[in-house]
Amino acid sequence: MLKKLTTIGLIITMLASTSIPIFADPSTTVNYFNRDIYVNGEKIANYQSATPYFSCGNNVYVPLTAENGKILGFTTKVDTEAKTVELAKAESTQKNYANQSAKHRAQRFTAQQTDYKLFYNPGVTIEQTTTDETLDAEALTQEGIEEAPVDADSTLSEQPDAAIADGNIEEENSRAPKDINLGEAPIFTYNNVPYVAIGILNGIESLGWSSHFDSYTGLYISTNPDIAAKSYVNAKTMATNKNLVDYMIKINGAGLTVAAAQDILFLIKQKSQIYKVDELLVISVIAKESRFNVKAQSKSGANGLMQVMTATGAKAGLSKADLIDAEKNLEFGVSYLSGAIKSFDSEWVRGLSAYNQGSTKVSRGNFSRAYYQRVISAYNVVKTKVVK
């Protein structure tokens, strides 16, 4: 009984001691994590979640959703009244997102910075919840008193099992929820989901996680303490992506940075996956259309990476400013290219020609193959960048 009362007392104290200061402006613009994510070697597409991983400052934030819990092996309990998030280790029961459709596109969005505290419970698996569940301290304490009343005239030193009791108290203390120091990485919420920085999660020793970030491929997370996250890096994928970035910089010839080229590459990968187009073909089209110049504008009224005509974009509700935004331009351009190719039985000659000259000309057979030949010439070069 003494063990039970001690544990209850520790939990009550923890839930009552929320001393992190309130931040003056909780709304923060964060960046969508525009890279691949690998959990125990399984590739996860970030855009397939309505609550994606994001970055803020030097931190990458992990969404503590129920589905991510199944993938990474954790459960969480959020108490909005006490402003706490309690995390516990659990068995991983899922490798990837169940629904792999595109759910998120914005590259920048607003998350709420909170003054919540994080607790890690090493002793039990807690029930996943996001409701306002609070601990009824009075009821628990009363229950404990009724079950085993303590003799007011006795002391611990007079009890024959005092030494054993002290040992059990120490054991219970080690299994009580632990207050995790968040440092300069506060908990955020987005779409009512709490987010914790991956570095904070790595620091919870008994959780057993490690992570590794590679700018050419993405974020690697290992939940197995015996396997380092870095060991999951695929050298061929990294080399291929580096080759493609180098190619983009060379073709651009106007100061495109490595970081900017990497961002464009991963946007191309994302949109190509969504619209089921060969990503190397999209890279080749952009090489010929804009030389990877996000702000490119032609005298004829074509804009951005894929040189979308202003009038064509307007029909889809896109302004000229939208068309020189990399994500919006690629979202529309890759979709349009995909539609053009599919409308001509996935034949690249007519599909690419339709993208450049319009489907009417191609349908009538009155079109030039010159554009197709230029793109395929680039495609043959781009293919050599793939490391097999």
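Which residues are linked in a network of salt bridges? They are R105, K271, E327 and E331. A salt bridge here is a side-chain nitrogen of Lys or Arg within 4 Å of a carboxyl oxygen of Asp or Glu.

The model is predicted, so local features need pLDDT of at least 70 and side-chain atom pairs count only at pLDDT 80 or more, while totals for chains, interfaces and linings use all residues. Residues are numbered from 1 along each chain as its sequence is written, and side-chain values use heavy atoms, with hydrogens and water left out.

**Salt bridges**

Side chains of opposite charge can pair when their charged atoms come close. The structure holds 12 salt bridges, including those in the table.

| Salt bridge | Closest N and O atoms |
|---|---|
| K269 with E279 | 2.8 Å |
| E327 with K271 | 2.7 Å |
| D345 with R350 | 3.7 Å |

Helices are DSSP runs of H or I with at least four residues, numbered from the N terminus. E327 is buried because its relative accessibility is 9%, and K271 is buried at 0%. Buried means under 20% relative accessible area, exposed means over 50%, and partly exposed is in between, with a 1.4 Å probe and protein chains only.

K269 is buried, with a relative accessible area of 11%, whereas E279 is partly exposed at 21%. In the remaining pair of the table, D345 is exposed at 65% relative accessibility and R350 is partly exposed at 25%.

**Helices α8 and α14**

Helix α8 (residues 279-289) packs against helix α14 (residues 370-383) at about 120 degrees, and their axes are 8 Å apart. α8 is therefore oblique to α14. Axes are lines fitted to C-alpha atoms over the stretch in contact, and angles run from 0 to 180 degrees between N-to-C directions. Angles under 35 degrees count as roughly parallel, over 145 as roughly antiparallel, 65 to 115 as roughly perpendicular and the rest as oblique.

Contact means heavy atoms within 4.5 Å. On the α8 side, the residues in contact include L280, L281, I283 and K288; on the α14 side, they include Y371, R374, V375 and K383. By class, this contact has 9 nonpolar, 1 polar and 4 charged residues.

Note on methods: Helices (H or I, at least four residues) and strands (E, at least two) are DSSP runs, numbered from the N terminus. Ala, Val, Leu, Ile, Met, Phe, Trp, Tyr, Cys and Pro count as nonpolar, Asp, Glu, Lys and Arg as charged, and the others, Gly among them, as polar.
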